[in-house]
Amino acid sequence: MQTLFSTDGVHPKNAFRLWREMVCERLVPADLRILDDVPFQGRMDVTGIGPLLISHFSHTTMRTEATADTVRRNGRHDRVYAIMRISGQDTMQQGDQEAVSRAGDFIVVDARPAVFQTETGSALVLDLPRERFEAVLGPSRLFSALTVSADLASTTLARTYIQELVRVGDQLTPDASARMASIGSDLLMASLAERLAQEVPRSTHGTVTVQRAKAYIEANLSDQTLDPPQLAVAVGVSLRRLQELFHERGRHISDYIWERRLEVAARRLIDPACAHLSIGLLAYGSGFTSQAHFARRFKERHGLTPTEFRQASRQTSTDARPRKRPARIQGLI
């Protein structure tokens, strides 16, 4: 690994200021504070193995806060970060989740406000593609700030592999580095998946509430005033609680409503019983306030305008229709 910064040889009065400047200017903007009167010491080493960036942090006790403003300025919403504790202990909060990470454990955090309080110790931090993890595990809110314990055999395997990868990484060819980095990400995901399987199932009440909300949406899709606040009132919960329930299932209420409207509209466009209806009537009947709005959202979803979608469906139906054989050939069969 290459040393990016070290307080060795730096006057104690300047050590933390220089550390904070290095972190905020070269890595991520954050609010950093020391928590005791012990002279601050810190060191950061980095290495790249294929597309995988791994940093090794070691420092004395410190508090780090990523606020909404610093998260916005950082702008790296396409990344998640695995923090693998080597020594010491972390306590972190993100959203409504609080996690304690000790030597051997790891946690994954995403690009949302969070607070970390770290005791003297060290950790490996892996910069990972959010999309890849979410494709396997679901939305990052489901697995962020969740302690993955060293007690799991899969955690031991992932940790050992990553530490060995750091040790021998500079000996690998570029192709081997990319392959080995991909394996490391897969091991972390496998360990996270095992940890998620231990979670208590979602409450029956929450599931029932979401099902009631979806049923109400289906019954009122044509209502152009249907929106999340109206839906929350209809099912008898606060808007915030309903949003949380949908977020737990990887959805946003508004997105779900528009998706259902688009799906219903697409079915009607290819339904022969609706062939006499204009595009405008189909749009209004599916809950859209204007034909232009409908056409824009429909093309974003299906890659075709509503008119093109309907014409393509009719052409497909015509091509698939059995053709009558010529009489001369029919007589020979």
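Q: Which backbone nitrogen does the side chain of S6 reach, and at what distance?
A: In this predicted model, the S6 side chain reaches the backbone nitrogen of D8, at 3.1 Å. A polar contact is a pair of N or O atoms within 3.5 Å.

Q: Where does S6 sit in the secondary structure?
A: S6 belongs to strand β1, which covers residues 2-6.

Q: Is S6 buried or exposed?
A: Buried means under 20% relative accessible area. S6 has 17%, so S6 is buried.

Q: Now backbone angles. What is phi of A145?
A: Phi of A145 is near 55°. That is a positive value in a residue other than glycine.

Q: Where is A145 found?
A: A145 lies in a loop. On one side is α3 (130-137), on the other α4 (153-168).

Q: Why does A145 count as buried?
A: The cut-off is under 20% relative accessible area. A145 has 0% relative accessibility, so A145 counts as buried.

Q: What about A312: which helix holds it?
A: A312 is placed in helix α12, residues 306-320.

Q: How is the accessibility of A312 read?
A: Partly exposed is the class between buried, under 20%, and exposed, over 50%. A312 has a relative accessible area of 34%, so A312 is partly exposed.

Q: How far apart are A312 and I270, in sequence and in space?
A: In sequence, 42 residues separate A312 and I270. In space, their C-alpha atoms are 9.1 Å apart.

Q: Step back to the chain. How many helices and strands are there?
A: The chain has 13 helices and eleven strands.

Q: How does the radius of gyration of the chain read against a compact globule?
A: The rule for a compact globule of 333 residues gives a value near 20 Å. The chain has 27 Å. Along the principal axes, the C-alpha atoms fill a box of roughly 95 × 60 × 35 Å.

Q: What share of contacts joins residues at least 24 apart?
A: Take the contacts between residues at least 6 apart in sequence. Of these, 68% join residues at least 24 apart.

Q: What share of residues counts as buried, and what of the surface?
A: Of the 333 residues, 40% count as buried. The accessible surface is about 18,300 Å². Carbon and sulfur atoms hold 52% of that surface.

Q: How many positive and negative side chains are there?
A: There are 43 positive and 38 negative side chains. The centres of the two sets lie 10 Å apart.

Definitions and conventions. Residues are numbered from 1 along each chain as its sequence is written. This is a predicted model: local features need pLDDT of at least 70, side-chain atom pairs count only at pLDDT 80 or more; totals for chains, interfaces and linings use all residues. Side-chain values use heavy atoms; hydrogens and water are left out. Helices (H or I, at least four residues) and strands (E, at least two) are DSSP runs, numbered from the N terminus. The radius of gyration is taken over C-alpha atoms; the globule rule is 2.2 Å times the number of residues to the power 0.38. Buried means under 20% relative accessible area, exposed over 50%, partly exposed in between (1.4 Å probe, protein chains only). Contact means heavy atoms within 4.5 Å. Accessible areas come from the Shrake-Rupley method with a 1.4 Å probe; for residues, only the protein chains shown count as cover. Lys and Arg count as positive and Asp and Glu as negative; His and the chain ends are not counted. The place of a charge is taken as NZ of Lys, CZ of Arg, CG of Asp or CD of Glu. A polar contact is a pair of N or O atoms within 3.5 Å; within protein, one must be able to donate a hydrogen and the other to accept it, and residues adjacent in sequence count only if both atoms are side-chain atoms.
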